[in-house]
Amino acid sequence: MQIVADVGGIPGKDCRGFCKYCYFRKVKPIEPLGCKDCFSGKVGCPQCNEGVTETKNEFKMPFFVVNEVQTTLMMTNLNDKNLKVNISGGGDVSCYPHLEELTGTLYQFEIPMHLGYTSGKGIDDGNIATRLINHGVDEVTFTLFSDNPDLRAKWMLDPNPEESLKAAKLFAESTELHAATIVLPGINDGDILHQTCSTLEDWGAKALILMRFANTTNQGLILGNGPIIKDITPHTVEEFQKLVEDINKQYNLRVTGTPVCDPETGAPFALADLDNEIYLQFIQEITGEATIISSRIAAPYIEKIFNSLGADDVNVVATKKDIACLITKEDFEDLDLGDIKETAIIPGRCFIHQNDAERILSADGIERIVGRGPEKLSVDGEMSGTLSQENVIEKELELFRDLVEAINFFGMKKVCIFHF
């Protein structure tokens, strides 16, 4: 269990400037998207407005962060041997000006610490890693991009790439280092990626998370900011999956990919594997009738699972969006309503107001019931890298049971009553 110590921070402002490939680069002012947290009569709330763009969360003073952690600890089982404090934020954790003070204070709680995503761009002295380790940091998720300092300087705008790489090496030697690399075709893939993997292996890094670069709206840029980099075509999903599998075979690292795949656990959607069909018996009977609306990547997996469950009254429809939680109103407007049953189950975290979803999905004159399913149906490579296959399957079973429960509730079949 990880307790989040949110230090705040704004992308681009509290990270020494945007990396050239950053998801938040070129973000434009947008109208509120709408989401499950909006009030019924109003589109827009903190979650689907500034929460999406992360534009209003300044770095917090350390005593605020410590107080929040203490409050959470009061409601937590302190005997949990897996308990850990995850220091993270919207900015770059390494740029947090009070990082050493914060870790020094949290060290008194005698709970190990995880430095959440950091690019290391705030590290001007690589020896800071040693001091943080001495404060109890035993896990670090570090955006490496490449072990080549010149590439880090050019693409990450890292002012001191040698020092940040020195810190990464120290973290790898003394903690569980989960390196992360956003893969830009023609920039840091190919031989350069293999060199980076060899370096990580030599350092003793724990894992490598490969992240597919997104450059279009359908790939996930919903903030009016695509393309982030002109003239770069990201890997297709199939190309990216093969890349992850090939790297996993060649190096002694726990390699995962996002949005696909984890070769060790089968995530996402390990239940879609024929070898795991035996676990589907633990999902309750499907008594409802509904259409599941999901993403282009997830839909085939979900359809395969429901076919294995024998759910003849459930169909799955894919939007053009690659990631389900980034589906917006425009994606619903592109659907063929002829494929949608009278009940539709939409992703729990997708960005659409309930009123808009019901209006758009009933535009053909059929008044459809729209229910929200779970916030996710599996785990991606950022999470699964710390899990076993059994952990992943257990989580997926829990989530698919929630989905079936939503189908049975919202898609309850009409019963004809005959009077004699």
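**Reading the sheet and the cysteines**

Visitor: In which sense do strand β5 (residues 176-183) and strand β6 (residues 207-212) pair, and over how many bridges?

Guide: Strands of a sheet pair through backbone hydrogen bonds, either parallel or antiparallel. In this predicted model, β5 and β6 pair in the parallel sense over six bridges, and Val183 stands opposite Arg212 in β6.

Visitor: What is the order of the strands in the open sheet?

Guide: The seven strands follow one another as β1-β2-β3-β4-β5-β6-β7, with parallel pairing. Because β1 (2-6) and β7 (254-258) each have a single partner strand, they stand at the edges, and one side of each is left without a neighbour in the sheet. From one strand to the next, the twist averages 20°.

Visitor: Which strands does helix α2 (residues 62-73) lie across?

Guide: Helix α2 lies across β1 and β2 (84-88), and runs at about 155° to β1.

Visitor: How many disulfides does the count come to?

Guide: A disulfide is a covalent bond between the sulfur atoms of two cysteines. With a cut-off of 2.5 Å between the sulfur atoms, the count here comes to zero. Cys45 is in no disulfide, and the nearest cysteine sulfur, that of Cys35, is 3.5 Å away.

Visitor: Is Cys45 buried or exposed, and is Cys350 buried or exposed?

Guide: Cys45 counts as buried because its relative accessibility is 14%, and Cys350, at 1% relative accessibility, counts as buried too.

Technical notes
Residues are numbered from 1 along each chain as its sequence is written. This is a predicted model: local features need pLDDT of at least 70, side-chain atom pairs count only at pLDDT 80 or more; totals for chains, interfaces and linings use all residues. Side-chain values use heavy atoms; hydrogens and water are left out. Buried means under 20% relative accessible area, exposed over 50%, partly exposed in between (1.4 Å probe, protein chains only). Two strands pair if DSSP finds at least two bridges between them. Helices (H or I, at least four residues) and strands (E, at least two) are DSSP runs, numbered from the N terminus. Axes are lines fitted to C-alpha atoms, for helices over the stretch in contact, and angles run from 0 to 180 degrees between N-to-C directions. Contact means heavy atoms within 4.5 Å.
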